[in-house]
Amino acid sequence: MKLHPRSLPYRMLTRGGRVVSTVLFAGFATIGAIEWLTLELFAVLLLAVLLAVMSWEVAYHRRFEYELTDDSLDIDSGVLSRRRREIPLRRVQNVDIHRNVVQRIAGIASLGLETAGGGETEASLEYVAYEEARRLQREIQRRKNGTSTAREAEDETDGPDEEVLYEISSEELLLLSAVSVEPRAVGLVFLIVPFVTSTVDLASVTFLVGLAQIVFSALILWVSSGMITFARHYGFRLTRVGDELRYERGLLQRYNGSIPIDKIQTLTVRENPVMRLAGYAALSVETAGYAPGQGPSASGGSEAAIPLAVRSRVRSLAHSLESFEDPTFQRPPKRARRRYTVRYAIAAALLTGVAYGIDRFTGLVDFWYAPLALLLLAPVAGLYQWKHRGYHVGDEHVVTRNGFWRRTTRIVPYYRVQTVIQRETLFQRRWSLATVVVDTASSIGFRSKDSHAADVDADDAAELRELVTRRLGRAVKRRRTERGRENERKRAEAVSDQTTDSEND
């Protein structure tokens, strides 16, 4: 099958526009510096580049083909050299559909596939009809589940029951927009603030202008973050269809994605101070393919199952996905709290030293000693850092909690654990502390996104590592036994269906 015909003019406009803008920028920067580069010659070069891009896109469109078989998605592509990919459906974890405003008007969509162990998109169809994208999404999931008989295909066409798990309300969307901070909004601060304050005489009112600039920057950051969050989570809807979760969200760019429930590795509950005071929380999931924040449907962070809801509702959905017991956290020893206090005090002292150095050599910082006030907050910060850390070892799950400003709770089933690692930094050894990392298929290295019990007593850390490892082995054996019984049941049902069909014939 071929890409949608309207994908050709769309790719020409978008990719051609990017290339032309880059060439224009480079041309205007060098047209005066290079003697032989006249305006007429530059126009000819620009036209040649545009024709080359259009020719490339025509060739790409003509040579791109895909086919969905019972076992794989086959893609033939390539302009200068041919490339054939066969993506086994059993390895596909997530199938996401993305549409921006122009694509929605044109009736086309981008389909992205993520596979197990992949940190980026394995394959992307740019672009197919929206109805075709939805069909491929359903068919891939159906064939992964092995529903290949005529009766099952007919039932699948009718559509399994759809259970609505969550729909974001207007109040929740506004609150989420108000309490979220988007890193991408920081760029707007550096773009807008210097432009607004460029006409101010900084030499005459240094302190007042500096204070006003800080307040204005914070306001710009807050408003722009809220706008980005509002557009991203507008119309968020989560449903359960059979053995998968399906979500859709977005105002300017609309996303439709699927999350196989049996591929979920970790459940993550996040709460910042405002959310905790208001009694709200957020729930996100990570699958074996990627922590969905790495995929095409996400923009930083894991894909949200519930971006914001009352804490009881978040807990209810989390329990429906994984039947874990309510955790009773074991906090780090109290000497860890002293360690945190010392660490924050050192940070305040270093900040004061930097401010003094700037004032000593430039004279721009009148109140260089102001950061010393942070020393009074160091014990409070150390206390909250200590209170928000802990771990719980249940019968079927291990739960860890971390974070000072944003508290993060991660629930990991034992059968999803890949490795259990104990590590000790140079500073931890001085306090006889250690960290136990619970690594899953969606985890990457030793980053803070791993589920980890931080600053555990060194002796307790060794016992914790051994305990999680033993329960991991027990859970894997039980899981294999259950899967064996399930496979036997499916084979028996298949034989029974074949016998029934033969008798009817």
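The talk below sets values against definitions.

Tutor: This is a predicted model, in which local features need pLDDT of at least 70, side-chain atom pairs count only at pLDDT 80 or more, and totals for chains, interfaces and linings use all residues. Residues are numbered from 1 along each chain as its sequence is written, and side-chain values use heavy atoms, with hydrogens and water left out.

Student: How many aromatic pairs does a search of the whole structure find?

Tutor: The search finds seven.

Student: Why is the pair of Tyr 60 and Phe 64 called tilted?

Tutor: Rings of Phe, Tyr and Trp (its six-membered ring) pair if their centres lie within 6.5 Å; planes under 30 degrees apart are stacked, over 60 edge-to-face, and the rest tilted. The centres of Tyr 60 and Phe 64 are 5.5 Å apart and the planes are at 40°, so this pair is tilted. Both residues, Tyr 60 and Phe 64, are buried.

Student: What makes Tyr 234 count as partly exposed?

Tutor: Buried means under 20% relative accessible area, exposed over 50%, and partly exposed in between (1.4 Å probe, protein chains only). Tyr 234 has 38% relative accessibility, so it counts as partly exposed. Tyr 234 is placed in the loop between α8 (206-233) and β8 (237-241); helices (H or I, at least four residues) and strands (E, at least two) are DSSP runs, numbered from the N terminus.
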